[in-house]
Amino acid sequence: MSAEIPRMRPISQLTQPEAAGLDGLLFDLDDTLLDHGKLSEAAYASLFRLQESGLRLLAVTGRPAGWGEVIARQWPVDAAITENGAVTLYASDGLVRRHDSVSEDERRRRRIRLAALVAALREAHPELRAADDVGARHSDFAFDIGEHQRVAPEVVHAVCALAREHGARTHASSVHLHLTFDGDDKASGVVRTVRLLWGTDPTLLRFRYAFIGDSENDAACFAAFRTTIGVKNLSGRPTVGPRFVTSAARGRGFAEAAAHLVALRGG
């Protein structure tokens with residue numbers, strides 16, 4: 001757990017009134033729900049218990065839209081907000097629907113620009129390797145910096161600086177470095193999705209939805225919502241850290257937080 005993120009309290013200190021006032025739980029995937037990319041029985045079962053307690057569930061991840069389609073189709077969730085907020089997948093009338101933040105024409109233009117940027121970055125840093133899920137991506141490109149290989153922090157910083165010189169935005173998670181020409185982040189993706197699906201006033205979201213995550217690309221959600229939880233393996237330097245932290249890491253930490261929320265809500 002990072003010592004650079006102060007004032008976190010044990011998840012056991014989350015109170016019953018705060019838990020009872022929630023409408024939903026937003027959760028990251030890698031190193032939050034998942035253990036090194038694997039979904040454990042305990043973490044997956046926790047989703048069913050959370051849903052039974054009356055919470056809406058939204059996965060909020062840097063993983064690709066292709067993952068989101070499977071999640072929205074098969075998991076007990078209301079939506080999957082993917083690619084760091086840009087693309088939402090949700091089930092409606094027996095179908096999985098995709099909501100992109102931009103038009104098809106604009107998406108096509110951005111993908112052409114992104115391909116040119118990726119080529120330039122690979123020329124400057126030939127040691128970079130694409131993440132193994134890039135074929136399922138719709139709005140961004142991801143380099144593997146910690147999933148199957150380790151990339152030195154100074155290389156990641158240099159790549160980020162070069163990408164920004166080309167007008168791109170970057171998001172670094174515990175496993176991937178994302179490049180995009182979109183302006184979204186995880187929090188803006190949540191706001192757009194909840195408004196789309198339920199017409200909720202964005203000003204209410206801060207108090208009605210909790211978020212649980214583990215890394216620096218979760219910073220927007222740690223800042224946007226009141227009830228925020230970090231799993232024990234929390235890393236990076238988010239500008240605003242979570243209010244609560246679990247005693248266990250990754251999927252076990254998620255299950256720990258879920259059990260506390262369900263108990264407080266009378267489940």
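Let's start with the pairing: strand S2 (residues 24–27) and S3 run parallel, joined by four bridges. Helices here are DSSP runs of H or I, at least four residues, and strands are runs of E, at least two, numbered from the N terminus. Two strands count as paired if DSSP finds at least two bridges between them.

A word on the source. This is a predicted model, where local features need pLDDT of at least 70, side-chain atom pairs count only at pLDDT 80 or more, and totals for chains, interfaces and linings use all residues. Residues are numbered from 1 along each chain as its sequence is written, and side-chain values use heavy atoms, with hydrogens and water left out.

Back to S3, residues 56–60. Four of its five residues are buried (under 20% relative accessible area; exposed is over 50%, with a 1.4 Å probe and protein chains only). Leu-58 in S3 stands opposite Leu-26.

Now S4, residues 79–82. Three bridges join S3 to S4, and these two also run parallel. Ala-59 has Ala-80 in S4 as its bridge partner. Between S3 and S4 the chain passes through helix H4 (residues 65–74), a right-handed β-α-β crossover. Right-handed means clockwise from the first strand over the helix to the second, with the strands pointing away from the viewer.

Which residues of H4 are buried? Ala-65, Gly-68, Ile-71 and Ala-72. They lie on the same side of H4, because they cover an arc of only 110 degrees around the axis, taken from the directions from the helix axis to the C-beta atoms. Arg-73 and Gln-74, on the other side, are exposed.

What covers the buried residues of H4? The cover includes helix H2 (29–33), S4, strand S5 (87–92) and strand S6 (95–100), with contact meaning heavy atoms within 4.5 Å.
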